[in-house]
Amino acid sequence: MVVTVNSAGLYGVEGYPVQVECSLQRGMPAFDVVGLADTAVKEARERVRSAIRDSGFEFPVCRITANLAPADRRKEGTVYDLPILVGLLSAAGTLSPPTKTSAFLGELSLSGRLRPVRGVLPMAVAAQRAGFTDLFVPAENAAEATLAEGLNVYGVHTVRELALHLNGEREIEPSPPWQAESAPPTGPDFADVKGQENVKRALEIAAAGGHNILMAGPPGAGKSMLTKRLPSILPEMARTEALEATALHSVSGQLPPDQPLLTARPFRAPHHTVSSIGLVGGGKVPRPGEVSLAHNGVLFLDELPEFRRDALEVLRQPLEDGQVQISRVSGTMVYPSRVMLVCAMNPCKCGWYGHPSGRCTCSYKSVQQYLSRLSAPLLDRIDLQVDVQALEFEELSRRPAGEPSAVIRARVNAARVRQTARYGPDGADCNAHMSQQEMTRYCALDQEGEAIMRAAFDRLGLTARSYDKLLRVARTIADLDGEEKISASHLAEAIQYRSASCLRQM
């Protein structure tokens, strides 16, 4: 007898339906799992065997074959433990065969308890698109699965509990849809920052338009401190953005168990020893990298020149295209990577080049070697490049009441609302991602603006890419001011954020 049980699998960050066909035949006892299964899938034989026996059922003594279709697509992980068990017991007559609109996924312990698996959200979405109405998952994954609307999600604790439900003896109640609790951002506040008004303004512009930003300055000037406060002014995430970010964290197994939906924008800060694979993804079993885990959020690279050159260079395409393509013999996986890149760096190895105190011990050649670790194409993709000056004693000794993050965030949210209304649901999500057609329509300059841009283009040696980025930043400044058109003052402010003093030495 052959029983087919519906399940789902993962390919990159996308889910797809899988059919688990279980066959019990006469012959020498054997248990084979076929369908291009990896080691973890094949080891399901021992987990299923022990879970059945420890749950009080008889394990069939016959020739067992479990086929995972489509058989030409590689299956990975422990998600198929539960559907294999359901198919095997149904074929043996122990369980009532599941309906054609039911799907199962989950890992089994040897005692018959269900353990959570990664990637439940994209698999639940795939099940819903395939027309399934009931999804059985480990109880710890139930809240996450409910985010895929249109499914009856059943959180299962044990095999025995599932058997009673399928046989109609004791029903499992569907899990209610998970609702996120709205809460204000927590963490460090900009009200604690002394001075650095130009840097705070640049971070506000970056947050409002989704722009990349580089801060350069001596040690202790406050670059990392300011960046840690950036999440407190980031705009709220739309539900589609939250679902995209949640799916990536779920696939990577980094979704907090008590937070099935990410409500705050991701903030990733990898150490400068990270490899290129760790930064953009890949590996023998491809996984999303830091740039994808920061999707719809912030990727912070502190001590930028200390990162490996090859790791930084592989960021160029993801920053430009908003996605990472990882090619393997079996196919190409695509991970989204629409991030706001925030970088911090010292002007030289010792950190004090150009400081009025004259304490820099680096030669001009060593400064050039240090800065040469950053390529021009990478810097060209950074919209705002600002100097962070060391504070003097008078500034540090004063305790002025700084502007709180809540006030800044209100302006940022208002600017994002204007952008959403301007571009519509099918357009760019923020100014940094405007298309050329949108730029032509919404970034037109008057005669005075054209003259300023021409002078800046010649003086700063701008490229076509940096020309576009200047217009995008000017558009964001106009949005923060509530203006429909870009004025000369908006463009002039955008230009002053284009080149940090230390980078002019390159």
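Which residue forms a salt bridge with D380? In this predicted model, the partner is R465, and the closest N and O atoms of the two residues are 3.4 Å apart. R465 has a relative accessible area of 29% and is partly exposed, whereas D380, with a relative accessible area of 12%, is buried. The contact forms part of a network of salt bridges that links E320, D380, R381, R465 and R498.

K469 is also located in helix α20, which spans residues 464–480. Because its relative accessibility is 12%, under the 20% limit, K469 counts as buried. Leaving aside residues up to four places away in sequence, K469 touches D380, R381, I382, D383 and R498. Among these contacts, D380, R381 and R498 are members of the salt-bridge network.

The search of the whole structure finds 25 salt bridges. One of them joins the side chains of E149 and R239, with an N to O distance of 3.7 Å. This pair connects distant parts of the chain, 90 residues apart: E149 is in the loop between α5 (142–145) and β9 (152–156), and R239 is in helix α9 (residues 239–251). E149 is exposed, with a relative accessible area of 56%, while R239 counts as partly exposed at 40% relative accessibility. A further salt bridge brings together the side chains of K349 and E306 at 3.3 Å, N to O. Here, too, distant parts of the chain are linked, the residues being 43 apart: K349 is in the loop between β17 and α14 (364–371), and E306 is in the loop between β14 (298–301) and α12 (309–313). E306 counts as partly exposed, at 25% relative accessibility.

Strands β14 and β17 both take part in an open sheet of five strands, whose order is β11-β14-β17-β10-β18 and whose pairing is parallel. The edges of the sheet are formed by β11 (267–268) and β18 (384–387), each of which pairs on one side only. Within the sheet, β10 (residues 213–216) and β17 (residues 340–345) pair in the parallel sense over four bridges. I213 has V342 as its bridge partner in β17.

Helix α7 (residues 197–209) comprises 13 residues and reaches 19 Å from its first C-alpha to its last, close to the 18 Å expected at 1.5 Å a residue. Of its 13 residues, 10 are buried, so α7 is largely enclosed by the rest of the structure. Just after the helix, G210 takes a positive phi of about 70°.

In soluble globular proteins, nonpolar side chains tend to be buried together. The largest nonpolar core of the model has 58 residues, of which Y80, I84, L85 and L105 touch the most other members. Helix α3 (residues 81–91) supplies the largest share of this core, seven residues. A second, separate core of 49 residues includes A206, I233, A456 and L480. Returning to L105, its contacts beyond four places in sequence are S7, A8, V79, L82, P83, V117, V120, M123, L135, F136, V137 and P138.

Conventions. Residues are numbered from 1 along each chain as its sequence is written. This is a predicted model: local features need pLDDT of at least 70, side-chain atom pairs count only at pLDDT 80 or more; totals for chains, interfaces and linings use all residues. Side-chain values use heavy atoms; hydrogens and water are left out. Two strands pair if DSSP finds at least two bridges between them. Helices (H or I, at least four residues) and strands (E, at least two) are DSSP runs, numbered from the N terminus. A nonpolar core is a set of buried Ala, Val, Leu, Ile, Met, Phe, Trp, Tyr and Cys residues joined through side-chain atoms within 4.5 Å. Buried means under 20% relative accessible area, exposed over 50%, partly exposed in between (1.4 Å probe, protein chains only). Contact means heavy atoms within 4.5 Å. The expected span of a helix is 1.5 Å times one less than its number of residues. A salt bridge is a side-chain nitrogen of Lys or Arg within 4 Å of a carboxyl oxygen of Asp or Glu.
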